[in-house]
Amino acid sequence: MRKIKNWTRSVVRLVRSRADSGMTTSEYAVGTIAACALAAVLYKVVTSAAVMSQLQSLLKGALDAKF
């Protein structure tokens, strides 16, 4: 039984020593800025005239469908 406990403790120590403790504050800041930039680009694309006209024609076609 003692061998199993010692083996388990050594495995736990090994896993903890290799585990990533997470992102630091600067990594959070860079990640947040990147997410905001991506959101801004997507907003500009979706609200552009070409995409809006395509979405309107798609919705019009779906609503005018005959069954």
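Helix H3 is hardly covered, since 0 of its 15 residues count as buried, where buried means under 20% relative accessible area with a 1.4 Å probe and protein chains only. The model is a predicted one, in which local features need pLDDT of at least 70, side-chain atom pairs count only at pLDDT 80 or more, and totals for chains, interfaces and linings use all residues. Residues are numbered from 1 along each chain as its sequence is written, and side-chain values use heavy atoms, with hydrogens and water left out.

**Fold and confidence**
- The protein chain has 3 helices and 0 strands, taken as DSSP runs (H or I of at least four residues for helices, E of at least two for strands) numbered from the N terminus.
- The mean pLDDT of the protein chain, the predictor's confidence in each residue from 0 to 100, is 85, and 90% of the residues score at least 70.
- Among the elements, helix H1 (residues 2-18) has the lowest mean pLDDT, 76, while H2 has the highest, 93.

- Of the 67 residues of the protein chain, 0% count as buried.
- The protein chain exposes about 6600 Å², of which carbon and sulfur atoms supply 67%, by the Shrake-Rupley method with a 1.4 Å probe.

**Helix H3**
- The end C-alpha atoms of H3 are 21 Å apart, which agrees with the 21 Å that its 15 residues should span at 1.5 Å a residue, the expected span being 1.5 Å times one less than the number of residues.

Methods:
Buried < 20%, exposed > 50% of the residue type's maximum accessible area, 1.4 Å probe, protein only.
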